[in-house]
Amino acid sequence: MFLISLRADLHTHTISSGHAYGSVKEMIEGAAEKGLDLIAITDHAPAMPGSCQAIYFSNLGSIPRRVGGVTVLRGVEANVLDRRGALDLPDRLLRRLDWVIASLHDNVLFPEPGASYTDLYLALAENPLIDMIGHPDSPEFPFDAERVIPALGANNKIVELNEHHAFGLRRENRENARRIAALCARWGVSIAVNSDAHSPWNVGRTASAVAMLEEIGFPEELILNASAERVLQHVRSRKNGEMCE
Ligand SMILES: [Zn+2]
Ligand SMILES: [Zn+2]
């Protein structure tokens, strides 16, 4: 039994991502079955092979704000396209979404052996349209976490601890995730612990990530999605109080 209890999942994919298997309705039902108060639907933006087009994100307002007891955030997992931090949706669309994740994916931004991604992460920190940095634990995109983590915190970015990514096949991801979490604790930078579910059954699946946080004594008050109200306050503050119904 964990001391940390998560109330929201801020990273989930539907069938529209092209390699995920649930409808929006099924993903929300998955959240309700896990007893969550809030889910963010964050399909991959267009540069991910097989994913949906920009117009999909422009029409997310068709999804009700609340379904049963679950609050729904309309989001995206945007792809970082280049070393300057360009994203694959226009700013006018990113501005309208509740929750913008920016992630590096090796099938969109091909890793350069021996390169450092510190400047790229520092550029993402400066982008006011980004809410959360997705799964920064990839060993193929190394960066100076001692510089990047405080910069993310200073710019009100949430750092993701991603169950699917950090506790999958590779040990290096796990080690990086642990090191990044420890730095977040040291610098007082907020994190979100998410499933990155690609099917309804995996919504809210975060047990390994939570176990690791408890092991290192990570402070609960720095976990954004330990409270749905905390998430909503963050979203409202990022959107200058404007969050459409
Ligand atoms: Zn991703
Ligand atoms: Zn994802």
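User: What covers the buried residues of helix H5?

Analyst: In this predicted model, the cover over the buried residues of H5 includes helix H4, strand E6, strand E7 (158-162) and helix H7 (171-187).

User: Which residues of H5 are the buried ones?

Analyst: They are Ala-145, Val-148, Ile-149 and Leu-152.

User: What makes these residues line one face of the helix?

Analyst: Viewed down the axis of H5, the buried residues fall within an arc of 95 degrees, so they line one face. On the other side of H5, Glu-146 and Ala-154 are exposed. Following H5 comes Asn-156, with a positive phi near 60 degrees.

User: How do you know that His-135 is buried, and where does this residue lie?

Analyst: A residue counts as buried if 20 or more other C-beta atoms lie within 10 Å of its own. His-135 has 27 such atoms within 10 Å, and therefore His-135 is buried. Its place is the loop between strand E6 (132-133) and helix H5 (145-154). Phi of His-135 is near 25 degrees, which is positive in a residue other than glycine.

User: Why is strand E7 described as largely enclosed?

Analyst: Five of the five residues of E7 are buried, so the rest of the structure largely encloses this strand. On one side are Ile-158, Glu-160 and Asn-162, on the other are Val-159 and Leu-161, and all are buried.

User: What makes E7 a partner of E6 and of E8?

Analyst: Two strands pair if there are at least two bridges between them. E6 and E7 have two bridges and pair in the parallel sense, with Val-159 in E7 as the bridge partner of Ile-133. E7 and E8 are joined by four bridges and also run parallel. In that pair, Leu-161 stands opposite Val-193 in E8.

User: How do you know that strand E5 is mostly covered?

Analyst: Strand E5 (residues 99-103) has five of its five residues buried. Trp-99, Ile-101 and Ser-103 are buried on one side, and Val-100 and Ala-102 on the other, which leaves both faces covered.

User: Which strands pair with E5, and over how many bridges?

Analyst: Strand E4 (residues 70-79) pairs with E5 in the parallel sense over five bridges, and Gly-75 stands opposite Trp-99. E5 also pairs with E6 in the parallel sense, over two bridges. There, Ala-102 stands opposite Ile-133.

User: What makes a β-α-β unit right-handed, and which elements form such units here?

Analyst: With the strands pointing away from the viewer, the path from the first strand over the helix to the second runs clockwise. E4, helix H3 (residues 91-96) and E5 make one right-handed unit. E5, helix H4 (residues 118-126) and E6 make another. E6, H5 and E7 also make a right-handed unit.

User: Which residues of helix H1 are buried, and what makes them line one face?

Analyst: In H1 (residues 24-33), Val-24, Met-27, Ile-28, Gly-30 and Ala-31 are buried. Seen down the axis of H1, these buried residues fall within an arc of 150 degrees, so they line one face of the helix. The face turned away from the buried side carries the exposed residues Lys-25 and Glu-33. The buried residues pack against strand E1 (8-9), strand E2 (38-44), strand E3 (66-67) and E4. Just after H1, Gly-35 has a positive phi of about 80 degrees.

User: Which residues of the largest nonpolar core touch the most other members?

Analyst: The core has 70 residues, and those that touch the most other members are Ile-39, Val-100, Ala-102, Val-159 and Ile-191. E4 gives the most to this core, with five residues. In soluble globular proteins, nonpolar side chains tend to be buried together.

User: What is Ile-191 in contact with, leaving aside its neighbours within four places in sequence?

Analyst: The contacts of Ile-191 beyond those neighbours are Ile-158, Val-159, Glu-160, Leu-161, Ala-181, Cys-184, Leu-222, Ile-223 and Leu-224. A contact requires C-beta atoms within 7 Å.

Technical notes: Residues are numbered from 1 along each chain as its sequence is written. Chains are lettered from A and ligands numbered from 1 in the order in which they are written. A residue is buried if 20 or more other C-beta atoms lie within 10 Å of its own, exposed if 12 or fewer, and partly exposed in between; C-beta atoms are placed from the backbone. The arc is that of the directions from the helix axis to the C-beta atoms. Two residues are in contact if their C-beta atoms, placed from the backbone, lie within 7 Å. A nonpolar core is a set of buried Ala, Val, Leu, Ile, Met, Phe, Trp, Tyr and Cys residues joined through C-beta atoms within 7 Å.
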